[in-house]
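Please look over the sequence and the structure below before reading on. The text then goes through the fold part by part.

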Amino acid sequence: MTNAFITAVRRAISWPRALPAAALVAVLAAAPVLSPAAAASARAVQAVTAAPALPLFARRSSDGHLLAYEPKPGGGFGSPVDLGGGFSAATAIVRTGISGSGRNDLYFLLGASLYYTSERGTETTVVASGWYFNNLVMTPGNLGGTATSDLIVRDTAGALWLYQGRPDGTLAARVQAGAAGWDSMNALAGFGDYTGDGKNDLLAKTSTGLLYLYPGTGSVTANGILGTRISVGSGWGFYTALVSTGDNDGDGKADLIARDSTGLLWLFKGTGVASAPFAPRVQIGTGWNGLDALF
């Protein structure tokens with residue numbers, strides 16, 4: 001890993017601290033002041049409804065620049081903040097929130113090594129090696145029942161694995177989440193609870209355009225991490241990227257974001273109902289085809 005890449009990563013995850021003072025004042029002024037008891041109650045409610053929205057990160061394919069999009073009230077995203085270039089070398093990038101109140105911790109795969117860098121820390125470290133056999137890496141948030149986000153990884157044999165995250169960014173030993181056959185999926189997404197049972201779930205799109213919801217069980221037992229899949233519908237082959245940043249529209253339910261083949265961005269608001277997890281789509285953006293990674 002080059003020093004230039006480390007510099008790019010450190011610059012990217014520290015970007016919220018570089019906001020203009022006026023912007024910080026506006027954010028703080030909009031936040032209600034709660035008593036300690038009320039704040040604790042609010043956190044408890046939030047924990048069983050939806051993961052709070054994280055920024056949407058995207059890599060621009062033309063120059064490897066990383067762009068950050070903050071969520072807007074009611075759904076969608078504001079104008080992007082350019083975090084700089086140097087990210088083309090990463091074959092996978094995952095944005096998560098592990099380090100305390102940090103929202104922009106990053107895992108990234110370079111060659112066969114998985115690196116972790118914390119918004120709250122000062123170092124970028126290798127947390128796994130020998131990952132040449134993995135071809136998909138994402139985070140569903142807290143799938144295994146701990147206080148930190150986890151990683152879901154698919155290997156080249158088509159099996160799915162759960163790596164539980166730890167507060168320092170290291171990973172627990174992998175546990176199989178699904179046997180061979182996941183290579184028929186060309187996208188995995190999800191960052192929150194889509195069934196309304198208080199447990200994070202996983203979404204998977206097949207190469208034929210079918211979308212399935214796999215309810216999380218909260219267990220870390222091998223092949224018992226995900227429940228029986230639920231069909232969300234067909235026709236999803238029109239979408240070239242699926243991603244979730246949690247509760248994007250602020251209604252307490254996890255949402256799904258999709259980019260279609262024409263570059264339009266769509267928001268599927270979560271309903272919290274397993275049999276019909278999404279409301280009709282709402283367009284929230286145009287011109288997204290120039291981005292080769294959404295996370």
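Predicted model: local features only at pLDDT ≥ 70, side-chain atom pairs only at ≥ 80, totals over all residues.

Residues are numbered from 1 along each chain as its sequence is written, and side-chain values use heavy atoms, with hydrogens and water left out.

The protein has three helices and 20 strands. Helices (H or I, at least four residues) and strands (E, at least two) are DSSP runs, numbered from the N terminus. Of the 295 residues, 49% are buried, where buried means under 20% relative accessible area, exposed over 50%, and partly exposed in between (1.4 Å probe, protein chains only). The accessible surface comes to about 12,500 Å², and 58% of it belongs to carbon and sulfur atoms; such areas come from the Shrake-Rupley method with a 1.4 Å probe, and for residues only the protein chains shown count as cover. Among contacts with a separation of 6 or more, 42% join residues 24 or more positions apart. A contact means heavy atoms within 4.5 Å.

Four strands form an open sheet in the order E16-E17-E18-E19, with antiparallel pairing; two strands pair if DSSP finds at least two bridges between them. Strand E16 (239-243) and strand E19 (282-285) are the edge strands, each pairing on one side only. On average, neighbouring strands of this sheet are turned by 30 degrees against each other, direction ignored. For this angle, axes are lines fitted to C-alpha atoms, for helices over the stretch in contact, and angles run from 0 to 180 degrees between N-to-C directions. Strand E18 (residues 265-268) pairs with E19 in the antiparallel sense over three bridges, and Leu267 stands opposite Val282 in E19.

The next topic is the nonpolar cores. A nonpolar core is a set of buried Ala, Val, Leu, Ile, Met, Phe, Trp, Tyr and Cys residues joined through side-chain atoms within 4.5 Å. The largest has 17 residues, of which Tyr107, Leu114, Trp131, Val137, Leu151, Tyr163 and Leu171 touch the most other members. At least two residues of this core come from each of E4, strand E5 (105-110), strand E6 (113-117), strand E7 (124-128), strand E9 (150-155) and strand E10 (160-163). A second, separate core of 16 residues includes Leu143, Trp182, Leu188 and Tyr212.

Ala92 lies in strand E4 (residues 92-96). Ala92 counts as buried because its relative accessibility is 18%. Leaving aside neighbours within four places in sequence, Ala92 is in contact with Tyr107, Phe108, Leu109 and Val137. The C-alpha atoms of Ala92 and Leu109 are separated by 5.1 Å, although the two residues are 17 residues apart along the chain.

Aromatic pairs come last. Rings of Phe, Tyr and Trp (its six-membered ring) pair if their centres lie within 6.5 Å; planes under 30 degrees apart count as stacked, over 60 as edge-to-face and the rest as tilted. The count comes to 13 aromatic pairs. Trp236 and Tyr239 form a tilted pair, 5.3 Å centre to centre with 45 degrees between the planes. Trp236 and Phe268 form another tilted pair, at 4.8 Å and 40 degrees. Trp236 lies in the loop between strand E15 (230-233) and E16, and Phe268 in strand E18, so this pair ties together parts that are 32 residues apart in sequence. Trp236 is buried at 7% relative accessibility, and Phe268 is buried at 8%. Ring pairs link Tyr194, Trp236, Phe238, Tyr239, Phe268 and Phe278 into a cluster.
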